[in-house]
Structure formats: C-alpha cells, structure tokens
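Here is a short briefing on one protein chain. Please look over the sequence and the structure first.

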Amino acid sequence: MAKPRDEMLTIREVIEEIGVPRATFYRWRQYKKGPKSIKLPNGAVRIRRSELSRWLQTLEESA
C-alpha cells in the first residue's frame with residue numbers, strides 16, 4: 001500500500017486556517033518565527049501540513 005503524501009499548503013491556505021493577516025505571516029517568515037516553508041523553483045512557497053501541525057504544537061507547549 002502506498003504511503004499517503006504530506007499535503008502541501010499554499011500561504012493563502014495556511015493564513016486562512018490559522019486566522020492571521022498575510023502581512024503577519026510574512027513577518028513571521030522574515031524573523032524565522034513561522035512554520036518551515038519550501039520555495040519551489042517557480043518561486044511559489046508551500047508549507048507541509050505536517051510542518052504546520054508541528055509548529056502549532058510547539059506554540060501550544062510554550063503557552
């Protein structure tokens with residue numbers, strides 16, 4: 001059986017899911033405070049679903 005693929009989210013999908021403005025998300029990326037992202041050869045940025053979950057869990061633990 002094939003292993004399920006880790007969903008690749010767009011920035012739009014991530015900010016809608018966590019409920020922050022786009023500018024806030026980009027500021028987090030600039031200061032290395034957001035989830036790890038992947039920059040594709042065409043310049044598009046994606047965030048793995050597993051990385052978003054891991055990042056949110058670290059925030060939960062530090063609250």
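Leaving aside its neighbours within four places in sequence, which residues is glutamate 51 in contact with? They are Pro35 and Lys36. Keep in mind that this is a predicted model.

**Glutamate 51**
- Glutamate 51 sits in helix H3.
- Its relative accessible area is 12%, so glutamate 51 counts as buried, the cut-off being under 20%.
- The glutamate 51 side chain comes to 3.0 Å from the backbone nitrogen of lysine 36.

**Nonpolar core**
- The largest nonpolar core has 10 residues: Leu9, Ile11, Val14, Ile15, Val20, Phe25, Val45, Ile47, Leu52 and Trp55.
- At least two core residues come from each of helix H1 (11-18), strand E3 (45-48) and helix H3 (49-62).
- H1 is the top contributor to this core, with 3 residues.
- Valine 14 is one of the core residues. Not counting residues up to four places away in sequence, valine 14 touches Leu9, Phe25, Ile47 and Leu52.
- In soluble globular proteins, nonpolar side chains tend to be buried together.

**Sheet**
- An open sheet is built from 3 strands in the order E1-E3-E2, with antiparallel pairing.
- Strand E1 (8-10) and strand E2 (38-39) are the edge strands, and each pairs on one side only.
- E2 and E3 run antiparallel and are joined by 2 bridges.
- Lysine 39 is found opposite valine 45 in E3. Valine 45 also belongs to the largest nonpolar core.

**Helix against sheet**
- H1 lies across E1 and E3. The angle between H1 and E1 is about 80°.

Conventions: Residues numbered from 1 in each chain as written. Predicted model: local features only at pLDDT ≥ 70, side-chain atom pairs only at ≥ 80, totals over all residues. Heavy atoms only, no water. Core = buried A, V, L, I, M, F, W, Y, C linked by side-chain atoms within 4.5 Å. Buried < 20%, exposed > 50% of the residue type's maximum accessible area, 1.4 Å probe, protein only. Helix = DSSP H or I, 4+ residues; strand = E, 2+ residues; numbered from the N terminus. Contact = heavy atoms within 4.5 Å. Pairing = 2+ DSSP bridges. Axes fitted to C-alpha atoms, helices over the stretch in contact; angles between N-to-C directions. Polar contact = N/O pair within 3.5 Å; in protein donor to acceptor, adjacent residues only side chain to side chain.
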